[in-house]
Each structure stands twice: as structure tokens, then as C-alpha cells.
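Visitor: Please take a close look at one part of this structure for me. Then place that part in its wider setting.

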Amino acid sequence: MRYRPGLVADYQSDAAIFKSNVQRFWFSVLLVAVVVLGLGGTIPLIPGLVDFSLQTDLLLIGTTAMFASIGAIGLNIVTGYAGQVSLGHAFFLGIGAFTGALVGGVEVTRQVVDLDTGQFVEKTLVYGFGLDLIIWLPAAGLVAALMGLIVAPLAFRLRGLYLAFVTLGLVFLGEHVFREAKVVTGGVGVGRASGVPSLFGFRFDEPGEVFGVFLAKNQKLFFLGLGLLIVLGIAAKNMARSKVGRALAAVRDRDIAAEMMGIPLARYKMIAFVVSSFYAGVAGGLLFAVIGRVEPLSFNLLLSIEYIAMILIGGVATVSGSIMGAFFITFLPRIVKWLAGFWMFGFISDSPTGGFVNLAQMEQILFGGLIIMFLILEPLGFYGIWIRVRNYWKAWPFSY
Amino acid sequence: MRARMLNEFLPPGDRDGPAILEFDEVHLSFAGIKAIDGVSFSVKAGELFAIIGPNGAGKTSIFNCISGAYHPEAGSIEFEGQTLLGLKPNKIADLGVARTFQNIELFPQLTVLDNLMLGRHQHIRYGTPAAMLRIGKASREEARNREIVEGIIEFLDIAQFRRSFVAMLPYGIQKRIELGRALAMEPTLLLLDEPTAGMNLEETEDMARFITDIRRELKIGIILVDHDMRLVMDLADRVLVIDFGKSITIGVPEEVQRNPDVIRAYLGQEHAIADQGDDQ
């Protein structure tokens, strides 16, 4: 065995996430590159010609993309792996965001005059317990998971388009509740402070030194996102290649046969919703910690559609696809802005009113167009393209 | 390497003798059409029991009643002393009833390996949190069950297709994988719904050999539904003939073959005489 590096000799290593040393090597390279970029370093894409580094705004979008990836992985668990189409992902993101803000955010109080006594009294406008990240982040996930548990029975009786419609109802219910529950959400147009990303007193949202390296606020959040994405991504991947993942795929592909194989349908649909909502809750809590504020109207149908787009464009029922899709959709506005700078895209105007199409319009056109294109041309999304490219180079220079 | 016996990785199940399935006076109808009209039979452990009948006679309906997809209006179905009526299909599977389907019901987007591992579902013991961590128990359980699945792969001679996606494989191989998935469930009663339908002679012979081997090595009860008369008469211990949901006769193959009602049901009245002439 000494002469055969990477030889698969037992079933454990045969089922590994990275099966070969080559895969392990390139994953490490990617990881190192991301860390270097996060630290403000420069990666030479083509040495001497094209360099790449993350400017402040790109770093912020990258951080958002990593948290969005966690949410997209969540949606992919319920919709991609288990085949239960859910348009209600924005609802679970919202539950996570507001639970995080309630448990980990600051309280807002105001002095008001008590009309009976004429005295000034302290009145709480928005509640907040200001607890640590280690408490509010799991709480955000768990409360969302509990909501998932409550919603899951819908999927026992409905499927496909009908389930999509019912979960769509959740978004509107959620929007209403978020709008009216002002003591938790702050109300429309005002919103409230999000959960404070402070882990045992270590503030991710304030610049400071870590192991002798000075990190800006965005850099700290970037690494928080990277760490959580790796942990939750591997957990999702582990689940996908386990008994649970196989059962979910069986429920998706042929539910009646699955039941006759001894797979309890209701139980696995429930697991899918609970795990998916947990991921959504964690993602929701963190996404808004980047900005620092949560606003009730953020959790609308468009947000759900955006997550559906992420998994469609990235790759249905894949973890890496969810991440690619989330990055692409999050970076889309920035990509459009960048494209507008080239002369051949001169028709994209950066003024909000003038020109042929402006940035926001172009972004929407691309968003819709890409979904249509991917559904027709490459249903497996970026993941499918990646697999094709990989297989081509595996066999190169031969055709098979 | 020595070819291994099936019972080296699956429990041999030497419960020869007592009836494991009692199918008693079952009635099932769809919108007034009687699909099963008072059929009764019992299957003993280690027995190969065949059900034959023309198309639409109700053979698959009997299977669907046993595996819990249909709910009979009257009658009783007992498996090892426990009633199957009102149980969910997954509970019935947990009790030890496995089946294959007339129209292949494999999971097309999964690999052969994953399909067979799905058969092991009820025997793999760990929960979702363990699955996400995949340390210790989850990892060991996966490996242990993979070993059993590998034994079935070896038995069915499908090692080369291990990593192929089921949708890309030829029909005959898919039928074989479905048999493997049912075996992976370690059943006490195996329901085979037309395992040789649409197969050529060679594939049919392979399948017949697999069924014979399963019988010899596992001694589980098997109910076989098939249209290939030669196969059924060669393999079966007893044969039940049904037509329009009604039981025509039960008996050993030689008896059944000579039964005039059976010949009439199969070939029609006028052919019956000519066919009998051929036999002599």
C-alpha cells in the first residue's frame, strides 16, 4: 500500500467527501486563497498580468454571500434533496433574523410621560436581551427549526405545486406578523438592531487585533462566515451521503416505493423541513448582523425567489452548488455594475432614470434570463457545468 | 476468491414449516369493480408460492394489499401472527416483507450502491445528528451495512455497475438490482412481481438461478407472480391461479396444469381441447 498513495482500501474512505489527494489538495488551495483574500492579500490569477484582491465592498459582499450560502444549503435540503418545493424560505430566514435580534440585540427604550402621574417613565419600544452569539445564533436556528416542525405536516398531504403555494402563504403570514409585532421587529421603515455578533466578549463587528493581526470589522465577519460555512457545509454534505440523505432522495424520487422500503415518509419530510429551517434561521440571524439592522419588509416573496434562484443556478441537490449559486446571486448586482464599465456594455446606464436600461433593470433582466437559461440548458446549474468541465479535463486529450 | 453464499451475510432463516402469511377471504374493489373477490391462501416459510392468472386478474392487487398500498374491505392478512391490515407500508417493511415491482421502481437518480443501501435503511441505526457529524457510530454502521450490500452485489454479479446511475442501466440489470434491494432488506417474506417480465431467454434463466439460489440459501417465503409458465411450473412448490379476482385453484404445479378451469381461463374454451391434445 505504500506504493499506492490514495488507494481506497476500506468502505469508510470509499464514502469520503474528498476521495482523492488531488481533490484534497485543490480544496486546500481554495481555502488558503480565500483566507489570503480575507486577510487583504492579493492572489495572482495570471502571474504578473491579472491580480485579484478583495476591496472593502467585495469583502462585504463575500461575507454576505457566505451567510446566504448557509441559507441556500438549507433550501437545497428541503427542495433539492427531499423534493419538497418550498417558497417559504424567506419566512424562516425572517424568524431566524428576528429571533437573533431579540435574543442578541439591544433593547430600545424611551422616556415617556405617564398621563396619570405626570412622571417620566421608561417604556420599552423594542425588546432585546443582548445575549452572547453562542446563545442567540443557536436560538435563531432552533426557533426557525421549530417553525419548520410546525409547517412540515403541510407536506404530508400536499406536494409539488400545491405545497409551493401553501408555503408561499407562509411568507405573507410572516410579513404580516413581522410588520405588526413592533415590540420585536421595530415596525415597518424603522426596523431594529440585529443580534450583536459578540462571542464571549469578542466582537466580530468591531475592528481589532486577532493573534497580532489587525482585522477590520468586515474581515472578522468574513472569517466568521467562512468558519460557519465550512462547518455547516460539511454537516449538510455528511447528511446527504448518509442514511438520511438517501431516504430524502428516495422520498423525492418515488415516495410510494420508498415507503415500501421501510422509509417513513412523514418522518423524513419532517427532518427535511426542520434541518432546512435550522440552516435558514442561522443564515437569517447572521445576514442581518452584517448590516446591523433588520427590517420587517425584507422577508418578502422576492427573497424566497432569490434563494430558489440560488439553488437552481448553483445546482439542485448539491452542497457545492448551493454555495456557487449563493455567491453568484449575491455578487450579481456587483457584476452588472462591473460590466457596465466596459464599452460593449455601454447600453447599461448607471443613472437611475436615463439611458437604455439602468443597473437595477439590467440586474433583473439577468436574474430572470439566467434562471430560464439554466433551467433549459443546464438543469444541474453551475455544478453541472463544473462536472462537465472536470470530466473533459480528466480525459484530455482523449474524448472519453 | 471463493464465491460466497448469500447466507454468509444475510441470516439464513431456517423457519421451515409453519405458515408465515395467512391471506384469508380478502375482498377489494375499485368503484364497484371487484379486484380481489374472496381469495385465500397461506405461504409457509421456505416455500416458493406462485400466483398466476391472466392480465388484470388481481395478482398485483394481492401484492399491494400485503405491502399496505391498498386497503381491503373485508378479510384478514396476517404475517407471522400479526395482522397487516391498517399498518403503514413502512411498518410492514419493518416486519420483514420486501417486494419488487412489475414496473421497476428503483430510484433512478441514485447509484446502484445507494439503491441497495436504501434497502438496508431499517437496519442502519443512527439518527440525523449522528449523520451530520459522521463520527464513530454513523461511520461504522455505514461500513457494516456496506459490507452486506457488497455481498449482495457479489451474489447478483453486478459489481461493474456499482457506481452507475440506475437510469442508465439496461432493463434486465435494473430488474436484478431491484431484487438486490429487496434482499438487502433481509426479508422473511419476499414478493416478486413479474421478475422476468420483458426479459430474453438468457436473462430469464439468470433470474431463475438467482431465485433458486435465494431459496436454497435463505429459506425465506417467496411469493412469485409471473407470466412465464415454464418458469413458474419449474420453480414453484404450490401455485394459486386467479381470474377476475377469484381463486380458481391452488395446488402443486402438475395438478394445476391439468385443471380444465385453468386451461379455460388461460386459453379460452375452444383452445382447451386442442391444448389437451398436444399434451398427450
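Guide: Start with Glu217(B), which sits in helix H7 of chain B, residues 201–218. The model is predicted. Glu217(B) has a relative accessibility of 6%, so it counts as buried; the cut-off is under 20%. What does Glu217(B) contact beyond its neighbours within four places in sequence? The partners are Met5(B), Leu6(B), Asn7(B) and Pro12(B).

Lys219(B) lies in the loop between H7 and strand S8 (221–225) of chain B. The phi of Lys219(B) is positive, near 55°, and this residue is not a glycine. Most residues other than glycine have a negative phi, and most peptide bonds are trans. Lys219(B) is partly exposed, at 38% relative accessible area.

Ala31(B) has a relative accessible area of 85%, so it is exposed; the cut-off is over 50%.

Now the contact between the chains. Chain B contributes 39 residues to it, and chain A contributes 31. Together chain A and chain B bury about 3,100 Å². Carbon and sulfur atoms account for 61% of that area. Which residues of chain A lose the most area to chain B? They are Arg246(A), Met260(A) and Met261(A), together 27% of what the chain A side buries.

Cross over to chain A itself. Its secondary structure comprises 16 helices and 12 strands. The radius of gyration is 23 Å, close to the 21 Å that the globule rule gives for 400 residues, so chain A is as compact as a globular protein of that length. Along the principal axes, the C-alpha atoms of chain A fill a box of roughly 90 × 60 × 50 Å. Of its 400 residues, 46% count as buried. Take the contacts in chain A between residues at least 6 apart in sequence: 70% of them join residues at least 24 apart.

The surface and charges of chain A come next. Chain A carries 28 positive and 22 negative side chains. The centres of these two sets are 12 Å apart.

Phe67(A) is one buried residue, with a relative accessible area of 0%. It belongs to helix H3 of chain A, residues 56–81. Leaving out residues up to four places away in sequence, Phe67(A) touches Leu221(A), Leu224(A), Gly225(A), Ala283(A), Leu286(A), Leu287(A) and Val290(A). Val290(A) is 223 residues from Phe67(A) in sequence. Their C-alpha atoms are 9.3 Å apart in space.

Gly169(A) is in helix H7 of chain A, residues 160–180. At 29% relative accessibility, Gly169(A) counts as partly exposed. Gly169(A) and Leu87(A) are 82 residues apart along the chain, with 8.6 Å between their C-alpha atoms.

Finish with a peptide bond in chain A. Trp396(A) and Pro397(A) are joined by a cis peptide bond, with omega about 5°. Pro397(A) falls in the segment after helix H16 (381–395) of chain A.

How values were computed:
Residues numbered from 1 in each chain as written. Chains lettered and ligands numbered in written order. Predicted model: local features only at pLDDT ≥ 70, side-chain atom pairs only at ≥ 80, totals over all residues. Heavy atoms only, no water. Helix = DSSP H or I, 4+ residues; strand = E, 2+ residues; numbered from the N terminus. Rg over C-alpha atoms; globule rule 2.2 N^0.38 Å. Buried < 20%, exposed > 50% of the residue type's maximum accessible area, 1.4 Å probe, protein only. Contact = heavy atoms within 4.5 Å. Lys, Arg positive; Asp, Glu negative; His and termini not counted. Charge placed at Lys NZ, Arg CZ, Asp CG, Glu CD. Buried area = accessible area lost by both parts, 1.4 Å probe.
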